Amino acid sequence: LGLASTSCEQKSPEEIRATLHLPAPGYAANVDSGRTAFRTYCSTCHGRSGGGSSSGPPLVHKTYEPSHHPDAAFHLAVKNGVQQHHWNFGNMPPQPGVSAESTADIAAYIRYRQQLAGIR
């Protein structure tokens, strides 16, 4: 048997956070900042309060509850974009202008709006 040797590179925590588009440890997401960021970056497609529009799906919807789409899914969607899969709005492109911190705030705002709608 010929076994090939491969080297495994260890990534630093900073590299892992950058790959996953996560804020620094200890960052406390803020719902109010999330509301502002959502309206700046997301509302054109996802509606002013996350209820969707003719251009994008609602995020205040059972489909996006935490057990199906954890907060990390929002971070990866912002960083990498998303191929259409639940709705017929087309692919979501990456959003390079949205920081990891703003994404955490946006996720907090979406979760807040979901709780108000009875989605847990």
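When I call a residue buried, I mean that its relative accessible area is under 20%, and by exposed I mean over 50%, with partly exposed in between. Please keep in mind throughout that this is a predicted model.

Let me begin with helix α2, which spans residues 31-41, and whose buried residues are G34, A37 and F38. Around the helix axis these residues cover an arc of only 105°, so they sit on the same side of α2. T36 and T40, on the other side of α2, are exposed. As for what the buried residues of α2 pack against, the partners are α3, residues 43-46, and α5, residues 100-116.

At the start of α2, a side-chain oxygen of N30 comes to within 2.9 Å of the backbone nitrogen of D32. The side chain of D32 in turn meets that of R35 in a salt bridge, at 2.9 Å from N to O, and because the two are three residues apart in α2, about one helical turn separates them. D32 counts as partly exposed, at 49% relative accessibility, and R35 is also partly exposed, at 24%.

The count of salt bridges comes to four, including one between E14 and R17, whose closest N and O atoms are 3.6 Å apart. Both of these residues lie in helix α1, residues 13-20, again three residues apart.

Which residue does E65 pair with in a salt bridge? The partner is K62, with the closest N and O atoms 3.3 Å apart; here E65 is buried, at 15% relative accessible area, whereas K62 is exposed, at 56%.

Definitions and conventions
Residues are numbered from 1 along each chain as its sequence is written. This is a predicted model: local features need pLDDT of at least 70, side-chain atom pairs count only at pLDDT 80 or more; totals for chains, interfaces and linings use all residues. Side-chain values use heavy atoms; hydrogens and water are left out. Buried means under 20% relative accessible area, exposed over 50%, partly exposed in between (1.4 Å probe, protein chains only). Helices (H or I, at least four residues) and strands (E, at least two) are DSSP runs, numbered from the N terminus. The arc is that of the directions from the helix axis to the C-beta atoms. Contact means heavy atoms within 4.5 Å. A polar contact is a pair of N or O atoms within 3.5 Å; within protein, one must be able to donate a hydrogen and the other to accept it, and residues adjacent in sequence count only if both atoms are side-chain atoms.
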